[in-house]
Amino acid sequence: MDSLLSVFLICLALGAFVGFMAGLLGIGGGLIVVPALLYILPSVGIHSAQLPHIAIATSLAAIILTSISSARAHHQRGNVPWPLFRTMLPGLMLGALTSAFIAEQISAVTLQQGFAIFVVLMSIQMAYPFKAESSRQLPSAPVLFIVGTFIAMIAGLMGIGGGVLLVPFLTFFGLQMRYAIGFSAATGLLISLSGSLGYVIAGFNASELPYGTLGFIYLPALFGLVVTSVLMAPVGVNAASSWPTPVLKKIFALLLLCVGLKLMLT
């Protein structure tokens, strides 16, 4: 019981940081939450052979609430291209749902190493963002189905909403940035919901899970994260108008790079 309370209290602080940074820098919380949980849980006595699966599943579940508010705000501003969303919906759902069952077949060490490589790549993308709005046309529906499936699968495996992959893809094919970001917000909700459901089902019969899990989702950490992240995200958005966010993004990218390299060597 002491460890459950400790995790909850620590994740309250972590959630505040995640929410603020998400609002300030426009980043997905998974890039912070997953490595943080990989360090926090063992430090308070939560040991499991499934630790990377637990961290990724919990991160994905935490994205649900933040995605709801973000998607709603973008919808009210007319930033969500719903016809494109309906076209990619089947592939996104398929990829997100199957990601948990794929993750279940991957060893904890391999999953952690894969996440570490992903973090390093994302740190580079954050420091040198891809910007390529153009006059290219979006691919055909079958190609969008395949791309949506692949992106949602990667997002589910890494415990993120998928925006860091979707936004560059959509802007490369000519979608305006505001629509790409609005689409990413809407699909982040879909991916996190579908992926979380997959991790609940896939983790029901998993061995060596700590007390307090629902499937692979660790509930004390989840509750702590969502309480404060939702409250602090608007504060981060307000700070973004006056803080030097381009500089902060590069500093944060360097921090992510160090985290990714540390996870590789663990």
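**Reading a helix, a loop and a core**

Modeller: Let us begin with helix α9, which bends by about 30° at Ser229, and keep in mind that this is a predicted model.

Colleague: How far apart are the end C-alpha atoms of α9, and what should its residues span?

Modeller: At 1.5 Å a residue, the 22 residues of α9, residues 219–240, should span 32 Å, and the end C-alpha atoms are 31 Å apart, which agrees.

Colleague: Which residues of α9 are buried?

Modeller: The general idea is that an α-helix has 3.6 residues a turn, so residues three or four places apart point the same way. In this helix the buried residues include Ala221, Leu222, Leu225, Ser229 and Gly236, and Ser229 is also where the bend lies.

Colleague: Where is Glu208, and is Glu208 buried or exposed?

Modeller: Glu208 sits in the loop between α8 (177–202) and β1 (213–214), and, because its relative accessibility is 55%, Glu208 counts as exposed. Its phi is positive, about 60°, although Glu208 is not a glycine.

Colleague: How many residues has the largest nonpolar core, and which have the most contacts inside it?

Modeller: That core has 81 residues, and among those with the most contacts inside it are Val7, Met21, Tyr218 and Phe252. Leaving aside neighbours within four places in sequence, Phe252 is in contact with Met21, Leu25, Ile27, Ile32 and Met126.

Colleague: How many disulfides are there?

Modeller: The count comes to zero when a disulfide is taken as a pair of cysteine sulfur atoms within 2.5 Å. As for individual cysteines, Cys11 is buried, with a relative accessible area of 0%, whereas Cys258 is partly exposed, at 47%.

Notes. Residues numbered from 1 in each chain as written. Predicted model: local features only at pLDDT ≥ 70, side-chain atom pairs only at ≥ 80, totals over all residues. Heavy atoms only, no water. Core = buried A, V, L, I, M, F, W, Y, C linked by side-chain atoms within 4.5 Å. Buried < 20%, exposed > 50% of the residue type's maximum accessible area, 1.4 Å probe, protein only. Contact = heavy atoms within 4.5 Å. Helix = DSSP H or I, 4+ residues; strand = E, 2+ residues; numbered from the N terminus. Expected span 1.5 Å × (residues − 1). Bend = angle between axes of the 7 residues up to and from the residue.
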